Amino acid sequence: MRATVSLWFAVAKRSFRRYSTYRAATLAGIFTNSVFGIIICFVYIAVWSENPGAGGYDAKDAVTYAWLGQAMIMTVAVWNGGATDDLAARIKTGDVAIDLYRPVSLLGWYLASDLGRALYHLLTRGLAPTLVGAALFDLRYPADLLLSVQFAIAVVLAVTVSFGVRMLVSASAFWLLDDTGVKHLAAIFAMFFSGLTVPLVLFPGWTGDLATVLPWASYLQVPADIWLGKHPGTDAWAALAFQAAWTIALLWLCHLVLGLANRKVVVQGG
Amino acid sequence: MSVIEVQGVSRSFVVRRKVGWLGRERETVHAVRDLHFGVERGEMVGYIGPNGAGKSTTIKMLTGILVPTSGRLTVAGMVPSTQRTALARRIGVVFGQRTTLWWDLPLRDSFDLLRRIYRIPDARYRANMATFTELLDLAEILDTPVRQLSLGQRMRGDIAAALLHDPEVVYLDEPTIGLDVISKSSLRDFLRETNRERGVTILLTTHDLVDIEQLCSRVMVIDKGSLVFDGSLDGLHALGDARRTLVVDLVEPGEPIRSLGADTVKVEGPRQWLTFAADTSAAPLVADIARRYQVADLSILEPSIEDVIKQMYTRTPREG
Ligand SMILES: Nc1ncnc2c1ncn2[C@@H]1O[C@H](COP(=O)(O)OP(=O)(O)O)[C@@H](O)[C@H]1O
Ligand SMILES: [Mg+2]
């Protein structure tokens, strides 16, 4: 058990370090996130001055939401990317046979690797644009320490949920060989239903109800609402439980799918 | 009991081929058919055959990442496909065309991850690292990311990686493919030493007869999925009567060279081709020619495995 945990830590650490070598890309990304953050803020300010209190948010909530969105884009890898893309590439080249041959869990390996990546993206592409936002706009911050801790947990669970979704997308390459189509589709769903384009609180009627129970709600809407204090009292724990439930369901599904993929490789020969 | 036992193992693949515009046709490819062989502990066996003969398919079945379509197969007493994880801790594999190292990481980090994956005790890890660093000359590449290594350097790293956890059995699938002459020869030295000093059982696939010549006392030849020979290299040469070729560049064009035990098969200006039996040394022939002719350059071509197999078929009429 201890040996396994130390392996996952080593994998996460390597992954973190690997992404940290792409310095220029990181800086360019931070710049882009900051510019988009500013643009979206002006849009939101315009929208909320027309409709004050829309979706239960005031203008300050909306502006904060815009920056949280920019911070989460790369952290949860809304448009795919991350360790799961490595897997898809290895399925295409057949290198995945080497992953299967190793006496360690494939799912555990890629999850650890993706968590390492997510931490790097949180500290760079997440934190830096937020600082820019905080310097330029009047933002709302978590009211107390408990909310901050709950927000931190929500971010981790946002990553694990998105990992589960992305892993299923990548695993489709075992059957389709090329997962590009599925990936594009998944990216559109994620961008829309995470609340990145329009906050889910603004979705009208049943579409809003639906969007808040889908896994993508975990990516941004749930952590943002915790940050903004929209889940009073025990509601925050319920929101975290919602994310945890999706994490468990998706990882279990990944486990099943990888089992099938393993059978396919071993029995059918790829 | 043999450490590797293969009894009547066959493997076929169903492939779908496009036919015409929309049609698809299923076709069965028989990658290996009815293999029978055993490998004893400490043996170093060459597994040789042309491209597509079924070598990699055999290795994959021996690691457990592919199940046989029929037949029985055990490695170290285990059935690879059902006990893959347990077996993986006791065997090592090098896939010449792929790497088990991590592209983005320095070589050293790949070794460290493998140490954790295989739970190698610290003392063993340090001792093995010291040995491999010296014998495989890894010191100056340990901190280089794998993607920046040359093919030969990467192969050295891969071989160390396969041996790090002290496996009893190691499969090497085309470890010398694409390597230059010097890399090949130092790799062969290392493998010979590993087999001798550590008593590791080695099964080596290749389509280069020189690998076998320099390393293996036993050779198995596979062609179109079937084992067509299992015995000593001399036995193979005797059976196939394969010949090596000496290419001689004379200073000036001249008469065909006459030398004992060699046939001059081709003359093109100053360049001449002589063939001689593959199981004899080239040294006396080279010395004789150098003494009697004005020689500008000499080189020796080994028979290709394709030639040997072709010879086998023409020399020994097969039943059926
Ligand atoms: N996964 C697979 N699906 C379909 N055909 C395969 C597969 N793997 C190998 N084959 C076929 O089986 C035969 C043997 O291949 P292989 O074992 O790779 O040969 P070698 O390693 O000796 O070059 C070839 O005809 C190859 O095309
Ligand atoms: Mg091969």
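The following legends describe close-up views of a predicted model.

Local features require pLDDT of at least 70 and side-chain atom pairs count only at pLDDT 80 or more, whereas totals for chains, interfaces and linings use all residues. Residues are numbered from 1 along each chain as its sequence is written, chains are lettered from A and ligands numbered from 1 in the order in which they are written, and side-chain values use heavy atoms, with hydrogens and water left out.

**View 1. Helices H7 and H12 of chain A.** Helix H7 spans residues 145–171 of chain A and helix H12 spans residues 235–268 of chain A; helices are DSSP runs (H or I, at least four residues) numbered from the N terminus. Their axes come within 9 Å and cross at roughly 25 degrees. Axes are lines fitted to C-alpha atoms over the stretch in contact, and angles run from 0 to 180 degrees between N-to-C directions. H7(A) and H12(A) are therefore roughly parallel to each other (angles under 35 degrees; over 145 is roughly antiparallel, 65 to 115 roughly perpendicular and the rest oblique). The crossing of H7(A) and H12(A) is left-handed, that is, the near helix is turned anticlockwise from the far one by less than a right angle. The residues of this contact comprise 22 nonpolar, five polar and no charged. Here Ala, Val, Leu, Ile, Met, Phe, Trp, Tyr, Cys and Pro count as nonpolar, Asp, Glu, Lys and Arg as charged, and the others, Gly among them, as polar.

**View 2. Helices H6 and H12 of chain A.** The axes of H6(A), residues 106–136, and H12(A) come within 10 Å and cross at roughly 130 degrees. H6(A) and H12(A) are therefore oblique to each other. A:Leu106, A:Leu107 and A:Leu111 of H6(A) meet A:Leu251, A:Cys254, A:His255 and A:Leu258 of H12(A), where contact means heavy atoms within 4.5 Å.

**View 3. Helices H4 and H6 of chain A.** H4(A), residues 83–93, packs against H6(A) at an angle of about 135 degrees, with the axes 8 Å apart. On the H4(A) side, A:Ala83, A:Asp86, A:Leu87 and A:Arg90 meet A:Leu106, A:Tyr110, A:Ser113, A:Asp114 and A:Arg117 of H6(A). The contact residues divide into four nonpolar, one polar and four charged.

**View 4. The interface of chains A and B.** In this interface, 27 residues of chain A are in contact with 29 residues of chain B. The two chains bury about 2,400 Å² between them, 58% of it on carbon and sulfur atoms; buried area is the accessible area (1.4 Å probe) that two parts lose on being put together, summed over both. A:Arg14, A:Tyr101 and A:Pro103 supply 32% of the area that chain A buries against chain B, more than any other three residues.

Note on methods. Helices (H or I, at least four residues) and strands (E, at least two) are DSSP runs, numbered from the N terminus.
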